[in-house]
Structure formats: structure tokens, C-alpha cells
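Please look over the structure shown here.

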Amino acid sequence: MADEDRDPQGPGAEVSEAQIAVHWREEEYIQPPASFIEQANAADPAIRERFTEDKFPDCFKEYADMLTWDQPWHTTLDTSNAPFFRWFVGGRLNASYNCVDRHAAANPDKTAIIFVPELESEEPVHLSYGELYRQVNEFAALLREFAGLKTGDRVTLHLPMVAELPVTMLACARLGVIHSEVFGGFSGAACGARISDSGSRILITMDGYYRAGHLIDHKVKADEALAVAAKEGQEVDKVLIWRRRPGQYASQAPMADGRDFFIDELLAEHRGKTVDPVSMPAEAPLFLMYTSGTTGRPKGCQHSTGGYLAYVAGTSKYYQDIHPDDVYWCMADIGWITGHSYIVYGPLALGTTTVVYEGVPNYPDGGRPWRVAEKLGVGIFHTSPTSIRMLRKVGPDEPAKYNYHFKHMTTVGEPIEPEVWRWYYTEVGKSSAAIVDTWWQTENGGFLGSTLPALEPMKPGSCGPGVLGIYPVIYDENGDEVPAGSGKAGNICIRNPWPGIFQTIWGDPERFLSTYFQKYNTDPDSKDWRDWPYFTNDGAVQAADGYFRILGRVDDVINVAGHRLGTKEIESAALTVPEVAEAAAVPVMDEIRGRVVEIYVSLKPGFAAGKEIEAKVTAAIETEIGKIARPKSVWIVADMPKTRSGKIMRRVIAAVSNFADTGDVTTLANPEVVDSIRHQVQAAKAASGDVPRELTEAESEELRKFGGD
Amino acid sequence: MEPAAAAGRPREAGTGARVCGVAMTMTQQYLAGELSVLLERVQAVATTEAASRDAKALREAAETVPVQALGWVTVRALALTERFCWDSLSRGDTAAFTRQAAAEAALREFGICASLLRDD
């Protein structure tokens, strides 16, 4: 396929259905089996009526009523500080109580968690709700009495997929302590950055775990994490270490005296203790989940207690079709939002049995997941297209060898190709399971787009319509709605707030506002939720039947000789040069090619500017994207002009490169940088005779709008 | 294997690997995590300090760059492991070569299954 056919779907990109069909033709509907419909939680079509826009926001009472509240809320949705929306205001509850206590009281012997070790020689461990209650209480007592944690503190977890991870999360929630789990496979440095950003003074980790047949030394990462955090000014007082096998230390890393402690030893002091769950306001933060941003600094998405828990309980019930007597297996990692919402909080809030699998799905072979499903009687299976492709590749015929039955299956994370979808449906699901394809993001807490499995037919490659109470819309760059069935792509937004949406970016509310809400807001003072569409940063097209196809990340575009180059693509290529800390690509007017690219980079500490780095950046862009994207200039600058929230002001940089008016820069966090860059760049350009002609009004307007600032 | 719907520009790289498209934002953070784990393995099979540093830098990139840049990180990682393999072969170090080739294979397999690379 020629380059010009591969439009990056940038803002304003008009991608026709025909163009999309080059990759993906419209698929047929597949109806769910009657046996599924008969038992589904959401089998009555009237459910859709209960969530129509005229019932918003009170429709979400149905989700909140799935929880046990200490005190009822008086205001369902408070928009007085839009878009910092508050849900179920006045209500009080505890997430740990809702996921543990109430089920332990009713069914203490019912299995809550099945931990499946990677080694098949080790038997699965069944943790009943009664046992979970005991473990959560004892660990909560330890956290309060030994670690000194109290309501509102943040604590960083760097734990692999073991049962101790949900125990730790629920113990934190019991105390109103905000947990921040870092994916166990991430480096110590990544963990350290998150410790620092969240201001955690306690790290909870593990000595080791199994992955792909190897016992991984995990504790060694804690030392690196603490060093990175300390460098950023955050000291950690204590490191609490779960041991994969209590009494045996699986790491080579030395224990730091007075800092590092084995949890199994400490727990001896807390046996039998109970801790009353702290009654938390509905809008109190429950956890932080970090997601990579565009600045190289991860964003700590802050999720609430009441709204989040209600939303994941409701979507787990209606979209995952979880019943209390199900055995449910989501093969994601709890280190990501999918695991938080659909391994821990959603399933446990509904009192079901959730599976926690330690290792990789294709170890020791591609039949492992199906053996687990057979052995445990898994009825609901949830995984990503990447895992499905992997399992299909290593063992296309494996599912048929095992006697399991899935009534329901989920895919999440990215669009799935129809032929892969069909393998999932016919081979894994044995043509008898309902499949839901889901679309959502870390920031969203739970699903945004999907089909109600008993009521809306499956369509391979499409996630479906907006879920209950979610009213998506596709806008073009001018804020005009792109109608369903028009065949045009645009920016998919959600017109309304919902209970599961994150509350803010931890410590950076301006970035929350500018990244997700400013784009389509026309009145910054408005208290009306209708004026604050949520900008997802994904492109999509909506078919006439209302189903959405998600196309990918939207991106600013620089049009070079007819080639539409995504700025993020160019910047991402530059960021792969190890010395580069930040990058910003901007357009420069060019008489021959219309626009050319200039790229600004700042370097990591310890590196000095020089021709060698400039050449590396150019080479990276040429290699990764092509010669068409070769930057006209690489400017290595000491710093980038930024908003107080850390967003690079590409508009200002573009103005400098084009000798245009930079506009008002007084509100920047570092306005002095603008003069410094202007002097550096314009002096060099003037010296080489590279001064552009005066811009037309249209060109000036284009630069003013560049970067969405 | 066909690329995902939003296929972007496939790019020739030194290893013959091609970047496939623009990754979705969605809930794809896990791809960064899996890539980080595989790069830890690449770092472990490096036989010199400089090679280890290069692998570490790529791992840091995987953990910090936007999701849509992961394809390029994967391509660079493949080029790096291929370099490791050639170095080991030139020294006649078959044990190191075997470990490095396995790491590269795992990386390539993941890249293709995650639609970060094209399978052609």
C-alpha cells in the first residue's frame, strides 16, 4: 500500500467507509445463543429505556444500588465545579466492605479468589470470602499499626499477579488509603517515578514470582525504585515485602535493616485482628492508576470510591454478565485498569469468584488457558486481542482438546480483526458463547462502548454502541457532529459525565482540563455538563446502526507535499533516541512543499547538545517514518515553553519557527524560555538566510490553532 | 496477518521488521508493560556493559513513550538484539547467541501479535 493511502486519521481527517473497508469490510451480525439470553442479567429490552438521556443522571442510581452505602447520597451529580464532576455527593461507603464483608457475612465459604500459580505442579489456591475477610483485616491492621498509614495517604504497590495483590488493595481501601499499583513487570525506575509523583512513603512489593517458567527476582527492583524516588525528593520509610513462599526468600537483593520487612513475619503480630472499614465520602479517591502521557511523565489518573465502584459493579453485571455463582477469569494483569475494574473491584463487588493467574498464558504451551478453564469450570473469559492472536498462533487447535464451556467472552484493548474474532468465537467459544468487544481507557474506569450481550448482536470489528448511560458523539475539528452512517471519521467524545470517569490527574488538574475537556468546551464558566464533552483522543467512525469502530489515536497533522504526517508519530520517533527527554514537531511554511517539519528536542540531564544528537534525531525520524518526514531542522533547546500543567505549547514553538507572533505567553510556567528559544532559532535562521516570507492570515490562523493549545 | 484497522505506514528497518500502524489509546497500557518485560530479558542477554545500557534505555523508552511509539521501540529492540546475535556469532559464543536469538524471537512474536509489527 502506498504511503499516501495511510492517512493517520488526524483531526479533520475525512476517512470514507470505502477507505476503511480496504482494511476492514462491514461484518455481519451474529446473534447470541438462546441459552445465554435465558440467563442474562440484562435480558429485558426495557433496560435501555431506563438509561436514556432524559433519565440522566439519576439512571445511575441503578448501579449505585448494587452497593451497600453507610449513608445515602443527596445529590446524584454535582456539576458546580465542571468538569470536575462529583457523583453521589453526600453518600458514604467503603469499597473493602462492599467487596469483602457483605459477602463474607452471607457466604463465608464461597470462593472469592482462585489464585493459579504458573507452575502446573502447584495446585490453585481457593480463597473464600471468609478467608479473604481475615487476610484483608489482618493486613489492614498491619498497615495502620506498623506502617502508620492513615486515610488519605498514598501507598505504592509493585506487585505481580498473586492473590496478595487484591488483598493489599482491599486492605488499603478498608483504611481509606489511596493505592497506586505499578505493573509488576515494570522496572524499578518506573516504580520510583510513580512513588515520587504520588508522594508515597510506603512501598509494598514481593520477593519474586514465576513468569514463563522462571522465578523472577522482583525485590531487586525496590532498591532501584527507592533510589529514583529519592533523587526526585521522595523518601520511602518502609518497604513491605510479601514472600512468594512464606518463610523462604526468593531474591538475591539484601534486606535493608530498619527499612525492609517481610510481611509474613509482621503478620504474626496481627493475627485475628479486625479493622472497622472507614466510612468514606463517595468522592474520596480510591486509587491512582498511571498511564503514559505525551510528555514522558506518566499521568496519575485518580479514581473515586463511590462513582467508580458503582460503575464497575454495574458494567460487570450487565456487560460481563457476572452472576454470584460464576467462575470468572479476566486474563489481564491487575497492574492495569482492566485488572482493577474487572478482576478485583467489579467481580468482587458482585460477590462472584474471580481468577488470578500468575504467569504468561502460553507457558508451558498454548493449551494452558484452556486447561485452567477446564479445571476451574470457568464460565466467563476475558482477554485482549494480543493474547488471542498469540494463543491462536501457538495453538490454534488447542481449545478443542479441553472440556470447558464459556457462556460469555470479552475482548478489550484494541479493535480485533474479524478473522481473529471468528477464531475466538468458533474455537475458543465453541460457537456457543456471547462475545462483547469493549472500548474504554484507563481514564474511564469502565466500559464506554460495547454491546449488551443478550440484547444487541455481535459484529466482528465493532465495539458496539455507547454502553448504558453513555452518550457518545463524533465531532469534527470544528465541533460539528459527524452523523452516523456518513462514512466519515472524527473525534469520538462522550457528551456526558459518568460515575466511573477519573476525577483528575493527581497533582495536575490543569492537565486534566486541557487534555480532556478544553477542546470542545465553548463556555469555560459553564456549570452545565452538556457544555463539557469528554475528548477521548481516539478517532472513530459510526455506522448507520449506531455501532462504533475505533480507529486510533487522533493527532495533529503536518501536511508535507500531500503527505499527512502525525506530529505524535514524529515526536515518538525522536523520543526513541536515548538522549532525548522531550520532543515537539511543528510545521514551517515552505514555498515548494507547502509545509516542512521542524523538531525541537530537550535532552535528559547529563547530555550536551551537539551535531551528533541532531543527526541521531534525524536518522530516527527517517528510519521510523520515512524521508518525507525528515525535519528541516532539529533544534536542541534547554527547555520547552509549557503550561503550568506541563503541556508543551507547540503553538508558541511553531510561531517562533515561522517568525510569527507568539501571542500572550505570560501565563506559561516558564515564559522566559520563549525569548531564549526565539533568539536561538531566529538568529540561526537569519544567519543562514532562512527567513520566511510574511504569513497569510490563513497561515497565521493555522499556527494559532496548532497543537490544540 | 493483516494489520489492524488503523494501519499506518509500514517502515523498513534494519531487521526487516515493519512498524504497524498507530496503536490505540484505549486500554493498551499493558503493551508497554509486556514490552518492558521483554526488554528486561534483552538486557539480561547483553554481553557488554554498553549493550546492556542500550537495552536499558530502550526499556525506559517503552515505559515512558506514548503508546503509539511502542512499534518503533520494538523495531529498535529487534535491531539491537540482532546486533547482539551477530556479535556473539563473530566471537563464536554460541551459548550467548542462543539466548539472544530466543529473546529476539520472543520480541518479534510479541510485536506481531500486538500489531506493533507487520507479519510480512
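## Salt bridges

In this predicted model, Asp54(A) and Lys55(A) form a salt bridge whose closest N and O atoms are 3.5 Å apart. Asp54(A) has a relative accessibility of 62%, so Asp54(A) counts as exposed. Lys55(A), at 35% relative accessibility, counts as partly exposed.

A salt bridge also forms between Lys407(A) and Asp326(A), with 3.2 Å between the closest N and O atoms. Lys407(A) sits in the loop between helix H14 (385-394) and strand S19 (408-412) of chain A, while Asp326(A) sits in the loop between helix H11 (306-318) and S16 of chain A, so the pair ties together parts that are 81 residues apart in sequence. Lys407(A) and Asp326(A) are both buried.

Another salt bridge joins the side chains of Arg630(A) and Glu622(A), at 2.4 Å from N to O. Arg630(A) has a relative accessible area of 45% and is partly exposed; Glu622(A) is buried, with a relative accessible area of 18%. Elsewhere, Glu120(A), Asp365(A), Arg368(A) and Arg371(A) are joined into one network by salt bridges that share partners. Over all chains, the count comes to 52 salt bridges.

## Aromatic pairs

The whole structure holds 48 aromatic pairs over all chains. In one of them, the ring centres of Phe183(A) and Trp336(A) are 4.8 Å apart and the ring planes stand at 25°; planes under 30 degrees apart count as stacked, so this pair is stacked. The pair links distant parts of the chain, 153 residues apart. Phe183(A) lies in the loop between strand S7 (178-181) and helix H8 (188-198) of chain A, and Trp336(A) in the loop between strand S16 (327-330) and helix H12 (337-349) of chain A. Phe183(A) counts as buried at 2% relative accessibility, and Trp336(A) counts as buried at 8%.

Trp329(A) and Phe381(A) have ring centres 5.4 Å apart and planes at 70°, so their pair is edge-to-face. This pair also links distant parts of the chain: Trp329(A) is in strand S16 and Phe381(A) in strand S18 (residues 380-383) of chain A, 52 residues apart. Trp329(A) is buried, with a relative accessible area of 0%, and Phe381(A) is buried at 1%.

Ring pairs also build a cluster, whose members include Phe51(A), Trp69(A), Tyr311(A) and Trp529(A).

## Charges over rings

Which ring has Arg243(A) over its face? Arg243(A) lies over Phe262(A), at 3.7 Å from the ring centre. Lys519(A) lies over the face of Phe535(A), and the distance to that ring centre is 5.4 Å.

## A three-stranded sheet

Strands S28, S29 and S30 of chain A form an open sheet in that order, with mixed pairing. Why is one side of S28 and of S30 in chain A left without a neighbour in the sheet? Strand S28 (580-590) and strand S30 (633-636) of chain A stand at the edges and each has a single partner strand, so one side of each has no neighbour there. From one strand to the next, the twist averages 25°.

Strand S29 (residues 594-603) of chain A pairs with S30(A) in the parallel sense, over four bridges. Glu598(A) has Ser633(A) in S30(A) as its bridge partner.

Two helices of chain A lie across S28, S29 and S30. Helix H18 (residues 611-624) of chain A runs at about 130° to S30(A), and helix H20 (residues 672-687) of chain A runs at about 145° to S30(A).

Notes. Residues numbered from 1 in each chain as written. Chains lettered and ligands numbered in written order. Predicted model: local features only at pLDDT ≥ 70, side-chain atom pairs only at ≥ 80, totals over all residues. Heavy atoms only, no water. Pairing = 2+ DSSP bridges. Axes fitted to C-alpha atoms, helices over the stretch in contact; angles between N-to-C directions. Contact = heavy atoms within 4.5 Å. Phe/Tyr/Trp six-rings, centres within 6.5 Å; stacked < 30°, edge-to-face > 60°. Buried < 20%, exposed > 50% of the residue type's maximum accessible area, 1.4 Å probe, protein only. Lys NZ or Arg CZ within 6 Å of the ring centre and 35° of its normal. Salt bridge = Lys/Arg side-chain N within 4 Å of Asp/Glu carboxyl O.
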